[in-house]
Amino acid sequence: CLWATCVLTAIRSQGAESTPPVMLSDAQRAAIATAFAPTLVLHPLEAYVPTSPMGATSDVPEAWRPRVARYEALTQEEKLQQAALGYRVYSRARNGVAEIIVEYWCYYVYNAFTVRGTWLPYRVSDNHPHDLERLFIILRPRQNGIDSDEAADASWARRSFRLRSIIANAHDGSVPPNQFDTRGTEEPTLPVAILVERGSHAMAP
């Protein structure tokens, strides 16, 4: 699992006014993001892993060419040491039911992928810097509710919420996201595994 540093933004609520948002503290949001964090399954020859979009020594993005060059010169162990994902946790109402959305952001310094035709043979390069992919874990409160007085940790989060669905970025604009719905199935064993396509970093649960 590629987790080194994370970025947390403020909660927001969406949906009908008749369904109040689930109010969460910073500690509770962090516990939820940790409890439901997936395992990213990368190709053994993947050259890039998720990292921070900010510069190594500053809090602003770097120029991409020198950064990619420095990144490519790292060993695989060094890349894993720098691995990082951003996340935010917020509440919304959907069909009169409160839900918690855990949104993970995967930033790659470079996208190295060639689109290949099927019945019509062709090859189109899709190489570009600043590859940003998203993964959404959608949760619903369990029937026994949320104990707000309990210490917020991963165990508390898993007791309080159930994984409802997963929406994983594919190729925006050309391929719809890959989705998994838990209705009618046994509750998934955590952490869930997310396959990451080599080079393009499209994801699928």
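Reader: Why is arginine 162 called partly exposed?

Author: Arginine 162 has a relative accessible area of 26%. Buried means under 20%, exposed over 50%, and partly exposed in between, with a 1.4 Å probe and protein chains only, so arginine 162 counts as partly exposed. The model is predicted: local features need pLDDT of at least 70, side-chain atom pairs count only at pLDDT 80 or more, and totals for chains, interfaces and linings use all residues. Residues are numbered from 1 along each chain as its sequence is written, and side-chain values use heavy atoms, leaving out hydrogens and water.

Reader: What makes glutamate 187 and arginine 162 a salt bridge?

Author: Their closest N and O atoms are 3.8 Å apart. A salt bridge requires a side-chain nitrogen of Lys or Arg within 4 Å of a carboxyl oxygen of Asp or Glu, so the pair qualifies. Glutamate 187 lies in the loop between β9 (178-181) and β10 (193-196), and arginine 162 in strand β8 (residues 161-168), so the bridge ties together parts 25 residues apart in sequence. Strands (E, at least two residues) are DSSP runs, numbered from the N terminus.

Reader: How do you know that glutamate 103 is buried?

Author: The relative accessible area of glutamate 103 is 1%, and the limit for buried is under 20%, so the label applies.

Reader: What does glutamate 103 pair with?

Author: Glutamate 103 meets arginine 88 in a salt bridge at 2.6 Å, N to O. Arginine 88 lies in strand β3 (residues 86-94) and glutamate 103 in strand β4 (residues 97-111), so parts 15 residues apart in sequence are tied together.

Notes. Helix = DSSP H or I, 4+ residues; strand = E, 2+ residues; numbered from the N terminus.
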